[in-house]
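Let's take a walk through this fold together, from its strands to its helices and then to the space inside. Keep the viewer open as you read.

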Amino acid sequence: DRSVPATAGLSHDKWEIDPQELMLLEELGSGQFGVVRRGKWRGSIDVAVKMMKEGTMSEDDFIEEAKVMTKLQHTNLVQLYGVCSKNRPIFIVTEYMRHGSLLNYLRRHEQSLTSNQGLLLDMCIQVCKGMAYLERHNYIHRDLAARNCLVGSENIVKVADFGLARYVLDDQYTSSGGSKFPIKWAPPEVLNYTRFSSKSDVWAYGVLMWEVFTCGKMPYGRLKNSEVVEKVQKGLILEKPKTCYKEVYDVMRKCWSQLPENRPSFRVLKEQLIGVAQRLL
Ligand SMILES: CCC(=O)Nc1cccc(Nc2nc(Nc3ccc(OCCOC)cc3)ncc2F)c1
């Protein structure tokens, strides 16, 4: 149409966002990767803008991957809208989720959530749907945990930061011996050989279910990472959360099968959890 300058969209590839179309608002959080701020895109669309601190990620590889990630679209995945890669720091622009991380949401609403098994199970099923979509697209998350899921209005839960772990430069985070490596969400084959797969995501999903049904407790409590590695390799698994149906815990335990091939796929998990929800609720 005449209102849009003819060159708009031609000068940038569709995953490239023009920073002039962004208005940055309050800070939402920060971490080793940089700062995340709420923003408005084209004056009206709510977005989250992750401003990547220089040196934290292999940017060119990530920008290449962003083209693929913008194509991954599902109601239970935080949508990547695009990147601003023409200046530094690069901006990663995604859908905005108003209630923040699932982990903080569980901790903040523990009182009302402990007695609402139906809602806890529904949150787990939503994450499972998003992960089943990634599995279907042969996309491995590599850092699935409640801290990396986000909550929107009407208790919508979405998986965020899928695949980002591959671009983090800090080897304290990427190597299983590193101090920042998410040991408590990792299965034996990742601890021993860093062998990631959708089945290692399924193990992490079991831990995420445990986080949900404990309303955000730290898995394995205060055990040090080295102690967790030893226990997980010996076959110790997380105990049943108090407020958790046995049928739900039985699903978690299948996610923690020592051998990846004995763990269910997300597609199978989704059917099992929906079946449990229909029987119990
Ligand atoms: C793993 C480190 C990492 O990414 N951390 C990180 C921190 C902050 C925001 C994001 N990302 C996104 N956040 C939102 N919404 C959001 C809303 C409220 C909020 O409340 C903070 C204060 O609570 C009292 C936090 C986030 N929507 C999309 C995102 F993408 C990621």
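In the hairpin of strand 2 and strand 3, with 3 residues between the strands, arginine 42 has a positive phi near 55 degrees. Helices and strands here are DSSP runs (H or I of at least four residues for helices, E of at least two for strands), numbered from the N terminus. This is a predicted model, in which local features need pLDDT of at least 70 and side-chain atom pairs count only at pLDDT 80 or more, while totals for chains, interfaces and linings use all residues. Residues are numbered from 1 along each chain as its sequence is written, and side-chain values use heavy atoms, with hydrogens and water left out.

Tryptophan 41 sits opposite isoleucine 45 in strand 3. On to strand 1 (residues 22–31), which pairs with strand 2 (residues 34–41) in the antiparallel sense over 7 bridges. The hairpin joining strand 1 to strand 2 uses 2 residues.

Angles run from 0 to 180 degrees between N-to-C directions, and axes are lines fitted to C-alpha atoms, for helices over the stretch in contact.

Two backbone details are worth a look in the loops. Most residues other than glycine have a negative phi, and most peptide bonds are trans. The peptide bond from arginine 88 to proline 89, however, is cis, with omega near -5 degrees; proline 89 is in the loop between strand 4 and strand 5. Asparagine 155 is not a glycine, yet it has a positive phi of about 55 degrees. You will find asparagine 155 in the loop between strand 6 (149–151) and strand 7 (157–159).

Next come the helices. Two packed helices are described by the angle between their axes and the distance between the axes. How do helix 7 and helix 10 (residues 266–280) cross, and within what distance do their axes come? Their axes come within 10 Å and cross at roughly 30 degrees. Helix 7 and helix 10 are therefore roughly parallel to each other, a term for angles under 35 degrees, with over 145 counted as roughly antiparallel, 65 to 115 as roughly perpendicular and the rest as oblique. Ser198, Asp201, Val202, Tyr205 and Met209 of helix 7 meet Phe266, Leu269 and Leu273 of helix 10, contact meaning heavy atoms within 4.5 Å. By class, this contact has 6 nonpolar, 1 polar and 1 charged residues. Ala, Val, Leu, Ile, Met, Phe, Trp, Tyr, Cys and Pro count as nonpolar, Asp, Glu, Lys and Arg as charged, and the others, Gly among them, as polar.

Helix 10 also packs against helix 9 (residues 246–255), at an angle of about 170 degrees with the axes 10 Å apart. Helix 9 and helix 10 are therefore roughly antiparallel to each other. Here Glu247, Val248, Val251, Lys254 and Cys255 of helix 9 touch Leu269, Gln272, Leu273, Val276 and Leu280 of helix 10.

Finally, look inside. The count comes to 1 cavity of 30 Å³ or more. The largest cavity holds about 100 Å³ of space. Of its 13 lining residues, the closest to its centre are Arg142, Trp185, Ala186, Phe196 and Ala204. A cavity is a set of points, on a 1 Å grid over the protein atoms alone, where a 1.4 Å probe fits but cannot get out, and lining residues have an atom within 4 Å of a point. Grid points are joined across faces, edges and corners, and a volume is the space filled by probe spheres set on the points. Helix 7 (residues 198–213) gives the most to this lining, with 3 residues.

How values were computed
On a 1 Å grid over the protein atoms alone, a cavity is a set of points where a 1.4 Å probe fits but cannot get out, and a pocket is an open set with protein on both sides within 12 Å along at least five of seven lines; lining residues have an atom within 4 Å of a point. Two strands pair if DSSP finds at least two bridges between them.
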